Amino acid sequence: MLEVRNASKRYRTIPAVQNVSFTLSEGEILGYLGPNGSGKSTTVKMITGMIEPTDGEILFRRRNIHDDLSAFRAHLGYVPEEAQVYTHLSGLEYLQLVGRLRGMPEKLIDAKARSLLALFSLESSQYSAISDYSKGMKQRVLLSAALMHDPALLIFDEPLSGLDAVTARLFKDLLVLLAREGKAILYISHVLEVVERVCDRVIILSKGKVVADAAPSKLTELTRLKDLESVFAQLVQQTDTEQLARDLVGVMKVQHA
């Protein structure tokens, strides 16, 4: 369904993403991982059409997304890492706006918006301004907005941010059902135990390059490491966090300069 083909992005002469290629099929949950600054956000911006690749291309159903960006976005549901919403609107008004921008019929917009807000436990706050919402409530509004138009492709960037334990569990169950419905899902997260549990496949990015692309179980088998977190740390040459923690405690205990 989605194909990223040799995509690179440079800012002046500085490479942010280098020759990234992967496919995402219907019914697949693909984890997209990497440390801060590895190129994840740049990749997402290219996939959503916010920026164009310097080289390479992004294809949706074998067609370059920039041939008709509006048509592509009609099939896309996106939850960004940061909750960018019109805070002067109520939750209901925001979903109504999203539905209208998607060209949905008014009766359908109202019915789906109210149902989604109720299912995400926001019914009692649907008329309140989003500026009064907690971070978790804003995140639930963004999840509702992404699902409104029944998209074929879903991109979730740190979707568990701010969610309480019950809603986080609901979201994990929702992911599985969406995949069964044939949705293609790109899942970006630092919560590696969740990625390991729900993703069919993971891509690990380091310094703008793909360093791994396989099922979580296959990665742990090949590296002979106990879990995805250990694989991730090895592949991206992550700092020895235990030693760093000891050093921090040591500095903390210094009494005299």
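Where in the chain is the place of N6? N6 sits in strand β1, which covers residues 2-11. The model is predicted, so local features need pLDDT of at least 70, side-chain atom pairs count only at pLDDT 80 or more, and totals for chains, interfaces and linings use all residues. Residues are numbered from 1 along each chain as its sequence is written, and side-chain values use heavy atoms, with hydrogens and water left out.

**Aromatic pairs**

- Rings of Phe, Tyr and Trp (its six-membered ring) pair if their centres lie within 6.5 Å; planes under 30 degrees apart count as stacked, over 60 as edge-to-face and the rest as tilted.
- By this rule there are four aromatic pairs.
- The pair of F22 and Y32 is tilted, because the ring centres are 5.6 Å apart and the planes stand at 45°.
- F22 belongs to strand β2 (residues 14-24) and Y32 to strand β3 (residues 29-33), so this pair ties together parts that are ten residues apart in sequence.
- Helices (H or I, at least four residues) and strands (E, at least two) are DSSP runs, numbered from the N terminus.
- F22 is buried, at a relative accessible area of 3%, and Y32 is buried too, at 0%.
- Buried means under 20% relative accessible area, exposed over 50%, and partly exposed in between (1.4 Å probe, protein chains only).
- F171 and Y187 form a stacked aromatic pair, with 6.2 Å from centre to centre and 25° between the planes.
- This pair links distant parts of the chain, as F171 is in helix α6 (residues 165-180) and Y187 is in strand β8 (residues 184-188), 16 residues apart.
- Both F171 and Y187 are buried.
- F156, F171 and Y187 are linked into a cluster by ring pairs.

**A charge over a ring**

- K9 lies over the face of Y11, 5.7 Å from the ring centre.
- A charge sits over a ring if NZ of Lys or CZ of Arg is within 6 Å of the ring centre and within 35 degrees of the ring normal.

**Positive phi angles**

- Most residues other than glycine have a negative phi, and most peptide bonds are trans.
- N6 is not a glycine, yet its phi is positive, at about 50°.
- N6 is partly exposed, with a relative accessible area of 42%.
- R62 is not a glycine either, and its phi is positive, at about 70°.
- R62 is found in the loop between β4 (55-60) and β5 (63-64).
- R62 is exposed, with a relative accessible area of 83%.
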